[in-house]
Amino acid sequence: MGGKSSREYQKNWRETHRESVQKSQAKYLAKIRVLPGYKERLKLRGRRWRAEHPEQSRAKVKKYQETHKEQLRQHYKEVGKKLKLEILTFYGNGKCACVQCGENRIDCLSIDHINNDGYAHRKRVGNGGRMYDWLKKNNFPLGFQTLCMNDQFLKRAD
């Protein structure tokens with residue numbers, strides 16, 4: 001057999017017809033992406049693969065986290081700030097509920113339990129970002145307000 005093997009032939013063909021192959025793939029993907037249930041099927045396929053290949057899946061995640069450590073840290077920091085701003089804006093219009101104070105620097109503000117039952121509540125749901133997540137997931141329940149840290153300490157002292 002003096003000719004090329006089938007694999008070599010296919011590889012050579014793909015390289016020489018790269019642009020037309022990419023165009024036809026793009027056209028095909030554009031068609032199927034708009035079909036109903038496409039995203040759900042894609043998610044299900046990913047879940048199935050992760051369930052069948054847990055070690056490979058964890059290794060991929062770990063490798064991604066290691067190579068993108070700084071970007072992930074920055075992303076989660078931004079997401080946390082947006083969530084905190086959303087919660088504090090809802091409960092106090094982005095400023096302290098104390099009439100005399102009027103503090104509006106987000107870094108100085110926090111959520112306060114109006115009924116002073118924060119200790120028990122934080123034991124159940126967690127502190128900081130977990131508390132903000134809980135408030136949002138539970139549709140911003142009553143019983144909370146935005147206070148600056150000075151007013152938090154003054155309230156505790158009373």
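The lining of the largest pocket draws at least two residues from each of β1, α6 (118-125), α7 (128-137) and α8. The model is a predicted one, so to speak of local features takes a pLDDT of at least 70, side-chain atom pairs count only at pLDDT 80 or more, and totals for chains, interfaces and linings use all residues. Residues are numbered from 1 along each chain as its sequence is written, and side-chain values use heavy atoms, with hydrogens and water left out.

Back to the pocket. About 480 Å³ of space lies inside the largest pocket, a volume being the space filled by probe spheres set on grid points that are joined across faces, edges and corners. A pocket here is an open set of points on a 1 Å grid over the protein atoms alone, where a 1.4 Å probe fits, with protein on both sides within 12 Å along at least five of seven lines; lining residues have an atom within 4 Å of a point. There are 18 lining residues, and Ile-111, Asp-112, His-113, Arg-122 and Gln-152 sit nearest the centre. By type, the lining splits into 5 nonpolar, 8 polar and 5 charged residues.

Since Asp-112 lies in strand β1 (residues 109-113) and Lys-155 in helix α8 (residues 149-157), the pair ties together parts that are 43 residues apart in sequence. Asp-112 is buried at 5% relative accessibility, while Lys-155, at 23%, is partly exposed. The cut-offs are under 20% relative accessible area for buried, over 50% for exposed, and in between for partly exposed (1.4 Å probe, protein chains only).

A salt bridge needs a side-chain nitrogen of Lys or Arg within 4 Å of a carboxyl oxygen of Asp or Glu, and the count comes to 5. Another one joins Glu-55 and Arg-58, at 2.6 Å from N to O. Both residues belong to helix α4 (residues 54-67) and are 3 residues apart, about one turn of the helix. Glu-55 is exposed, at 56%. Helix α5 (residues 69-92) holds Arg-73 and Glu-70, again 3 residues apart, and their salt bridge has its closest N and O atoms 2.8 Å apart. Arg-73 is partly exposed at 48%, as is Glu-70 at 49%.

On the aromatic side, Phe-90, Tyr-91, Trp-134, Phe-140 and Phe-144 make up one cluster. The whole structure has 5 aromatic pairs, counted when ring centres of Phe, Tyr and Trp (its six-membered ring) lie within 6.5 Å.

Then there are the loops. Asn-93 lies between α5 and β1, and its phi is positive, near 60°. Asn-139, in the loop between α7 and β2 (144-148), also has a positive phi of about 60°. Most residues other than glycine have a negative phi. Asn-93 is exposed at 64%, and Asn-139 is exposed at 63%. Cys-98 is found in the loop between α5 and β1. Leaving aside neighbours within four places in sequence, Cys-98 is in contact (heavy atoms within 4.5 Å) with Leu-147 and Asp-151.

Notes
Helices (H or I, at least four residues) and strands (E, at least two) are DSSP runs, numbered from the N terminus. Ala, Val, Leu, Ile, Met, Phe, Trp, Tyr, Cys and Pro count as nonpolar, Asp, Glu, Lys and Arg as charged, and the others, Gly among them, as polar. Rings of Phe, Tyr and Trp (its six-membered ring) pair if their centres lie within 6.5 Å; planes under 30 degrees apart count as stacked, over 60 as edge-to-face and the rest as tilted.
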